[in-house]
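Trainee: I would like to learn how to read surface features from a model. Can we work through a case together?

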Amino acid sequence: MKSSVKNISLNSYDDIFSTEETREDEKREKVTDMPLSELYPFPDHPFQVRDDDSMKETVESIKEYGVLVPAIVRPRAEGGYELISGHRRKHACELAGLPTMPVIVRNLDDDAATIIMVDSNIQRENILPSERAKAYKMKVEAIKRKMGRPAKTEQENEGQVVPTYFGKKTTEIIGDQMGESYKQVQRFIRLNELTPELQQMVDDKKIAITPAVELSYLKPEEQTLLLDTIESEQATPSLSQAQRLKNFSQEGHLKEDSMLAIMSEEKKPEKNDLTIKADKLQKYFPKSYTPQQMEQVIIRLLDGWQKKRQRDQER
């Protein structure tokens, strides 16, 4: 009778004596102190790293407590590691004089890395419109590649064929994640069609987002002409003016004289007020409080809330 010993599989010494806890620990992501010289920025990173008051606070926090939240990185083909999240923390470490910072290394493809990079930064306070526009566009493109060829459906009221994933547009998926309507996501993405100079004016709040979206439909040479007109008239277009500029452009009638005629009109002031009914607020305040006192308390609480969010998200 042939022996069946050769069919017996023997466990290794480590397999026999390792515990379930040890095996689970081996699966966990490890935090490693990485030299700053080995960390490189994410390609086309849409979020600026600014030396502002918030950065100063981050530097002081790191000097006192260290980096509380590790950065996420992935290996680079050229050597070193690519930052997916943690660009501000790295810069703060440099300003604080630290040689290393804690990181978690993940092996991610380009699309997964892009989605994580956007998601880990987009919730920060004080994101500029141009930053949000570039980030949303990058995430939309990454989702499309990640999810493959979508089904197509006709967009309501527009007759356009729009790709959808499980019945949702990519902008709708992002909007659900961000707590925004898909139309608002689309508006931000349109800002990428503006020239850098007009994007800067949006960031500087010289042009509001809604009229900026209308201006994004102007041809590049028309946008250049608009910049000259803005400078000569010392005025930026209102929503009504931006809509007419867009219509003239689409009809092929937007020339220097027609643009000047639209831009030289006297603009009516546009309201941008937020009103909250008193009955919605009254339950939170003593009956003796006046509207002015309630407003002061609300502003004070919002200031504290904003500072706390900035500290939590930047560590």
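Trainee: Where does V69 lie?

Mentor: Keep in mind that this is a predicted model. V69 sits in a loop, the one between α3 (53–65) and β3 (71–75).

Trainee: Is V69 buried, partly exposed or exposed?

Mentor: Read the relative accessible area. Buried means under 20%, exposed means over 50%, and partly exposed is in between. V69 has 37%, so it is partly exposed.

Trainee: Which residues form the nonpolar patch on the surface?

Mentor: A patch residue needs over 30% relative accessible area and no salt bridge. Here the nonpolar patch consists of Y65, L68 and V69. Together they have about 300 Å² of accessible area.

Trainee: Which residues form the negative surface patch?

Mentor: D228, E231, E256 and D257.

Trainee: Where is E256, and is E256 buried or exposed?

Mentor: E256 is in helix α13. Its relative accessibility is 58%, so E256 counts as exposed.

Trainee: What about Y182? Which helix holds Y182?

Mentor: Helix α8, residues 182–190. Y182 has a relative accessible area of 23%, so this residue is partly exposed.

Trainee: Which residues is Y182 in contact with, leaving aside neighbours within four places in sequence?

Mentor: K169, T171 and E172. Y182 and T170 are twelve residues apart in sequence. In space, their C-alpha atoms are 8.4 Å apart.

Terms used. Residues are numbered from 1 along each chain as its sequence is written. This is a predicted model: local features need pLDDT of at least 70, side-chain atom pairs count only at pLDDT 80 or more; totals for chains, interfaces and linings use all residues. Side-chain values use heavy atoms; hydrogens and water are left out. Patches are made of residues with over 30% relative accessible area and no salt bridge: like charges are joined within 9 Å, nonpolar side chains (Val, Leu, Ile, Met, Phe, Trp, Tyr) within 5 Å. Accessible areas come from the Shrake-Rupley method with a 1.4 Å probe; for residues, only the protein chains shown count as cover. A salt bridge is a side-chain nitrogen of Lys or Arg within 4 Å of a carboxyl oxygen of Asp or Glu. Lys and Arg count as positive and Asp and Glu as negative; His and the chain ends are not counted. The place of a charge is taken as NZ of Lys, CZ of Arg, CG of Asp or CD of Glu. Helices (H or I, at least four residues) and strands (E, at least two) are DSSP runs, numbered from the N terminus. Buried means under 20% relative accessible area, exposed over 50%, partly exposed in between (1.4 Å probe, protein chains only). Contact means heavy atoms within 4.5 Å.
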